[in-house]
Amino acid sequence: MTSSGEISATIELLTTLVQRPSITPDDQGCQALIADRLAAVGFTLETMRFNQVDNLWARIGTSGPLFVFAGHTDVVPTGNEASWTHPPFSATLDQGLLFGRGAADMKAGVAAMVTACERFVLRGHTRHGSLAVLLTSDEEGPAIDGTARVIGALEARSEKIDWCVLGEPTSTKQLGDVIKNGRRGSLSATMTVRGIQGHVAYPHLADNPVHRLLPMLDELVSIEWDQGNEHFPPTTLQISNIHAGTGASNVIPADVVVDFNLRFGTASNSDDIQRRIESLCQTHKLDASIEWRLSAKPFLTRPGSLTDAMQTAIQSVAGIEARLETTGGTSDGRFIAPTGAQVVEFGPLNATIHQINECIDCADVDALSSIYELVLEQMLGNNGD
């Protein structure tokens, strides 16, 4: 909001976006709205629809280097709407906060990057290189037909991204305290351990897979995978589900299924983790099979021109020194960083993301747009290098 209490252009755009129930992968016209605004200031538009997923690639300029704002217009489901103080897609303003699903994750970041681009282009300051916006409607879902497919298309035609800022909500206690300059990898597994089903009163005629599994799980959760390093915390493993039995209390189950996930940095790699766990199964003589799913490899942007520009802009607008972190979940940065681009994530507070009564401070959203604009000035304006 402006100093006079009027709704700013950024909050006006955010309100319109939040009012659209764009639950993955249904974009609900969010990208079309943004495309029209970017086209009005000179961006060339390219829509990329893969299966049910809408993606937008908007670019102004043809030379390098290329700076990209990236984000997603899809949101997670609302949960019980009756539990919300305000209807989840009403975009209600209440005491300086805007309530709604996706307000923080990540339509605030999207609105801020769009208005920052508009101001930067319309002011006509001398700039070098090109500016682009990449949006998908498949970040909160399978993430198969979204950013990954767009990056594949760009690489196929040798369109190289040099710097990328994702508007994910990274701030924790106040706007600007955390920049993500990398993310951990994510390795999930579904392990099935087979036994012999039978009557609980005749255990000698059966083989209980749960009993066989428990010593192995006890050892598994006690493993120290690594000690982390200067950029990443130690690898962690969490068991999320265990399924066994027929539902009857007098039947020894035929098998037991365990779901678990590991988050790992560059001190470990997924192949070594898999081999270690498979070897543990053999040590415990389990009749087991494991289905592995590597959804993300760790990535890191070392301190440099992009992180410096972001920290300088945050200091100028928010008056604090942002720290670099690699904690948290995965993001679409995992698809962009392998191209060689410098990638950072920076956005508003993440305290209410995916929650009932998700909300965002309007003052933070306006400040975020100013931070993005200052980053553009440093990277593509007269001070760019």
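**A helix and a sheet**

Modeller: In helix α1, the residues T10, I11, L13, L14, T15, L17 and V18 are buried, and this is a reading of a predicted model. Helix α1 spans residues 9–18, and because 7 of its 10 residues are buried, the helix is largely enclosed by the rest of the structure. The cover over those buried residues includes the helices α2 (30–40), α3 (103–122) and α9 (362–380), together with the strands β5 (97–99) and β19 (359–361).

From there we can turn to the sheet. Four strands form an open sheet, which reads in the order β12-β14-β10-β15 and is paired in the antiparallel sense. Strands β12 (236–244) and β15 (288–296) stand at the edges, and since each has a single partner strand, one side of each is left without a neighbour in the sheet. From one strand to the next, the twist averages 15 degrees.

Going through the sheet pair by pair, β12 and β14 run antiparallel and are joined by 8 bridges, with I239 standing opposite F260 in β14. Strand β14 is in turn joined to β10 by 10 bridges, again in the antiparallel sense, and here L187 has L262 in β14 as its bridge partner. Strand β10, which covers residues 185–194, pairs with β15 over 8 bridges, also antiparallel, and T192 stands opposite S289 in β15. Helix α6 (residues 270–283) packs on this sheet, where it touches β10, β12, β14 (255–264) and β15, and its direction makes about 165 degrees with that of β15. As for burial, 7 of the 10 residues of β14 are buried, so this strand, too, is largely enclosed by the rest of the structure.

Buried residues make up 52% of the 385 residues, and among contacts with a separation of 6 or more, 80% are between residues 24 or more positions apart. The accessible surface of the chain comes to about 16500 Å², with 49% of it belonging to carbon and sulfur atoms. Lastly, the chain carries 27 positive and 46 negative side chains, and the centres of these two sets lie 4 Å apart.

How values were computed:
Residues numbered from 1 in each chain as written. Predicted model: local features only at pLDDT ≥ 70, side-chain atom pairs only at ≥ 80, totals over all residues. Heavy atoms only, no water. Pairing = 2+ DSSP bridges. Helix = DSSP H or I, 4+ residues; strand = E, 2+ residues; numbered from the N terminus. Axes fitted to C-alpha atoms, helices over the stretch in contact; angles between N-to-C directions. Contact = heavy atoms within 4.5 Å. Buried < 20%, exposed > 50% of the residue type's maximum accessible area, 1.4 Å probe, protein only. Areas by Shrake-Rupley, 256 points an atom, 1.4 Å probe, with all protein chains shown as cover. Lys, Arg positive; Asp, Glu negative; His and termini not counted. Charge placed at Lys NZ, Arg CZ, Asp CG, Glu CD.
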